Amino acid sequence: MGSAAALASGRKWLTSQVIVASALFGLVSSPGHAADGAPPAAMTAEAADAGTPPCAGVDLVQALQASDPAGFARFETAARGVANGQGLLWRVERRGGGVSYLFGTMHSSDAEAKDFGALVTRALARSRVVAIELPGASTTRVAQQLRRLVADRSYRPGGGALELLPADTRERVERRVAALGLSAAIADQMQPWYLALALSRSRCAGHGDRADPETADARIERLAQEQGARIVGLETPAEQVAALASVPDAVALRMLKDAADANLRPEDVESTISGLYRSRRVGYLLAMRGPAWAGLFDADGYADFLSAFITRRNAAMLDRAKPLLERGAAFLAVGALHLPGPQGLVELVRRSGYTVTRIW
């Protein structure tokens with residue numbers, strides 16, 4: 001196969017991986033099924049490849065609590081300090097205006113992601129307009145549009161992406177990429193953000209509820225249509241991909257280095273995020289860095305990547321949400337990682353003059 005054909009084939013393959021892997025960052029995660037008897041968190045990626053059940057992830061927060069209670073106590077103290085780090089459903093109101101709601105979702109077809117509970121479904125039923133990130137996100141049309149956009153932004157003119165890594169780290173990254181089925185020669189011609197997402201793809205991706213493939217977002221959209229609510233998009237596919245492409249090389253390379261040097265397993269990250277989502281503590285993820293974390297892997301690179309991707313999108317979402325909140329009776333459903341932190345949507349809406357109260 002010629003180099004041009006090989007590159008085209010590699011880009012087509014890796015694009016499909018990135019569309020799934022991007023759920024980890026902007027769209028939370030496609031949760032894995034944390035199996036009983038999962039391997040210890042310190043297990044390397046190579047060991048995992050040698051026979052670990054494909055969706056056996058370790059909840060790293062629970063693992064820290066079990067292995068180092070004192071370290072967990074320090075981490076939890078820091079995590080509780082994350083602004084708006086706990087809660088998934090928030091009431092938004094202003095004196096003289098109507099009531100709206102802000103809900104953090106998990107973009108997944110897993111049954112737990114779609115089990116919203118009575119408070120959420122009642123809030124949705126009271127709303128005349130429902131805003132989600134990408135209406136029709138699970139349709140073939142939108143998926144194809146995302147693939148085209150990613151392919152257009154993923155190529156690195158002149159190549160040399162892997163040459164930006166230290167030699168020993170580069171070898172480990174090449175092995176990890178090869179395990180995904182992509183040659184180092186092709187990977188070297190991709191943008192660092194693209195490779196970082198590829199290595200974040202868990203073998204659990206796509207292992208949701210196959211009996212009911214509807215995602216949580218699609219369910220919200222369907223319920224909104226059934227009740228006659230108007231559906232609004234908070235983003236466009238082009239904006240989502242542009243946000244990915246804007247992640248600085250240094251941030252993406254740090255994530256690649258962390259993934260390779262620490263043998264960071266995507267299954268463990270997914271199980272950790274899923275556990276935090278179920279307990280409505282998604283903001284704890286923002287505290288999994290630095291001395292306070294004292295955890296089982298260095299999450300700084302991951303956190304920096306996430307921050308670079310999320311923060312820019314929050315500002316754009318807020319601009320589109322403001323007219324809806326002004327009129328009231330709106331239900332905003334966004335990936336749960338958009339909610340917490342000083343630049344999260346809860347805080348940004350609050351700074352815009354609204355009272356934002358956690359109700360679930």
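Q: How many aromatic pairs does a search of the whole structure find?
A: The search finds 6 aromatic pairs. Keep in mind that this is a predicted model.

Q: Nice. What is the geometry of Phe 72 and Phe 75?
A: Those two form a tilted pair, with 6.3 Å centre to centre and 55° between the planes.

Q: And where do Phe 72 and Phe 75 lie?
A: Both are in helix α4, 3 residues apart, which is about one turn of the helix.

Q: Are they buried or exposed?
A: Phe 72 is buried, with a relative accessible area of 8%. Phe 75 is buried too, at 0%.

Q: What about Phe 103 and Phe 331?
A: They also form a tilted aromatic pair, at 6.1 Å centre to centre and 40° between the planes. This pair links distant parts of the chain: Phe 103 sits in strand β2 (residues 100–105) and Phe 331 in strand β5 (residues 330–335), 228 residues apart. Both residues are buried.

Q: Which residues form one aromatic cluster?
A: Phe 72, Phe 75, Tyr 284 and Trp 293 do.

Q: Switching to helices: how do α10 and α13 pack?
A: Helix α10 (residues 192–199) and helix α13 (residues 249–261) pack at an angle of about 30°, and their axes are 8 Å apart. Angles under 35 degrees count as roughly parallel, so α10 is roughly parallel to α13.

Q: Is that crossing left-handed or right-handed?
A: α10 passes α13 in a left-handed crossing.

Q: Which residues make the contact?
A: From α10 there are Pro 192, Trp 193, Leu 195, Ala 196 and Leu 199. On the α13 side, the residues are Asp 249, Ala 252, Leu 253, Met 255 and Leu 256.

Q: How does that contact split by class?
A: The contact of α10 with α13 has 9 nonpolar residues, no polar ones and 1 charged residue.

Q: Now backbone angles. What is the phi of Asn 84?
A: Phi of Asn 84 is near 55°, a positive value in a residue other than glycine. For context, most residues other than glycine have a negative phi.

Q: Where is Asn 84 found, and is it buried or exposed?
A: Asn 84 is in the loop between α4 (69–80) and β1 (89–93). With a relative accessible area of 14%, Asn 84 is buried, because buried means under 20%.

Q: And what about phi of Arg 280?
A: Arg 280 has a positive phi of about 55°, although it is not a glycine. Its place is in the loop between α14 (266–278) and α15 (290–293). Arg 280 is partly exposed, with a relative accessible area of 30%.

Notes: Residues numbered from 1 in each chain as written. Predicted model: local features only at pLDDT ≥ 70, side-chain atom pairs only at ≥ 80, totals over all residues. Heavy atoms only, no water. Helix = DSSP H or I, 4+ residues; strand = E, 2+ residues; numbered from the N terminus. Buried < 20%, exposed > 50% of the residue type's maximum accessible area, 1.4 Å probe, protein only. Axes fitted to C-alpha atoms, helices over the stretch in contact; angles between N-to-C directions. Parallel < 35°, antiparallel > 145°, perpendicular 65-115°, else oblique. Left-handed = near helix turned anticlockwise from the far one by under 90°. Contact = heavy atoms within 4.5 Å. Nonpolar A, V, L, I, M, F, W, Y, C, P; charged D, E, K, R; others polar. Phe/Tyr/Trp six-rings, centres within 6.5 Å; stacked < 30°, edge-to-face > 60°.
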